[in-house]
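Hello,

Here is the structure we talked about handing over. My notes follow below it.

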Amino acid sequence: MNFTTRRDWIKGMALATLGSVVSYSLTAQNSGKTLALSAIDEASLNLWMGAIIPESKIPGAVSLGVSAFVKTMLKDCYEPAAQTTFQNVLGQIPAWFQTENGHALAAATAAEKEQFLFLLEKGQFGTEAQKAMATLKGLTIQGYTSTEYVLVNHLNYQMAPGFWNPCVPVKK
């Protein structure tokens with residue numbers, strides 16, 4: 001019978017753990033941290049996020065950088081099929097808007113964009129478009145309400161409630 005010593009067993013377990021960690025880190029590298037969109041899709045995404053939460057006296061979704069949050073969430077939390085569907089719908093939106101309104105999306109007024117969003121939400125352009133716009137709307141609102149500007153200035157968020165005052169005399 002061949003027995004191993006405790007020292008040999010611990011050394012073997014450490015090497016096995018290290019080997020699995022190295023193997024995992026080599027296979028788990030991804031191409032980027034956010035969803036890769038073309039320049040046209042990026043502009044379309046910003047236009048729609050600006051229509052969902054527009055600029056006013058307070059900054060809107062675009063100026064607070066919510067698009068980075070939306071792309072990161074899509075990349076990290078959604079299946080590849082859902083990512084592809086979202087990108088396809090985002091690419092088709094300018095053409096749909098052109099056929100619906102007769103002019104380009106970039107020249108549209110806020111009311112026209114809002115009306116077109118309602119049509120997308122109702123499912124006039126298919127269920128995939130309806131689901132993609134619901135996803136975009138939900139992620140835009142989530143990203144906007146979790147920005148530092150909104151949390152600090154409108155929701156009175158404090159990282160650690162309470163204050164530390166080192167000059168207070170200690171009663172004995």
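Are tryptophan 48 and phenylalanine 116 buried or exposed? Both residues are buried. Buried here means under 20% relative accessible area, exposed means over 50%, and partly exposed lies in between, with a 1.4 Å probe and protein chains only.

First, the ground rules. This is a predicted model, where local features need pLDDT of at least 70 and side-chain atom pairs count only at pLDDT 80 or more, while totals for chains, interfaces and linings use all residues. Residues are numbered from 1 along each chain as its sequence is written, and side-chain values use heavy atoms, with hydrogens and water left out.

Overall layout

The chain has 7 helices and 0 strands. Helices (H or I, at least four residues) and strands (E, at least two) are DSSP runs, numbered from the N terminus. Of the 172 residues, 24% count as buried. Contacts mean heavy atoms within 4.5 Å. Among contacts with a separation of 6 or more, 66% come from residues 24 or more positions apart.

The core

The largest nonpolar core has 31 residues. Such a core is a set of buried Ala, Val, Leu, Ile, Met, Phe, Trp, Tyr and Cys residues joined through side-chain atoms within 4.5 Å. Trp48, Ile93 and Leu136 have the most contacts inside it. At least two core residues come from each of H2 (39-52), H3 (66-77), H4 (80-101), H5 (110-122) and H6 (127-145). Leucine 136 is in contact with Leu45, Trp48, Met49, Ile52, Val70 and Phe86, leaving aside neighbours within four places in sequence.

Aromatic pairs

There are 4 aromatic pairs in the structure. Rings of Phe, Tyr and Trp (its six-membered ring) pair if their centres lie within 6.5 Å; planes under 30 degrees apart count as stacked, over 60 as edge-to-face and the rest as tilted. For tryptophan 48 and phenylalanine 116, the ring centres are 5.5 Å apart and the planes are at 25 degrees, so this pair is stacked. Tryptophan 48 lies in helix H2 and phenylalanine 116 in helix H5, so the pair ties together parts 68 residues apart in sequence.

Tryptophan 96 and phenylalanine 125 are also stacked, because their ring centres are 5.1 Å apart and their planes are at 15 degrees. Tryptophan 96 sits in helix H4, and phenylalanine 125 in the loop between H5 and H6, 29 residues apart. Tryptophan 96 is buried, at a relative accessible area of 18%. One aromatic cluster takes in Trp48, Trp96, Phe97, Phe116 and Phe125.

H2 against H4

The axes of H2 and H4 come within 9 Å and cross at roughly 75 degrees. Axes are lines fitted to C-alpha atoms, for helices over the stretch in contact, and angles run from 0 to 180 degrees between N-to-C directions. H2 and H4 are therefore roughly perpendicular, a label for angles of 65 to 115 degrees. On the H2 side, Asp41, Ser44, Leu45 and Trp48 take part; they meet H4 residues including Phe86, Leu90, Ile93 and Phe97.

Two single residues

Serine 67 lies in helix H3. Serine 67 counts as buried, at 13% relative accessibility. Not counting residues up to four places away in sequence, serine 67 touches Glu42, Leu45, Asn46 and Met49.

Asparagine 156 is in the segment after helix H7 (148-153). Asparagine 156 has a positive phi of about 55 degrees, although it is not a glycine. With a relative accessible area of 60%, asparagine 156 is exposed.

Best wishes

Conventions
Angles under 35 degrees count as roughly parallel, over 145 as roughly antiparallel, 65 to 115 as roughly perpendicular and the rest as oblique.
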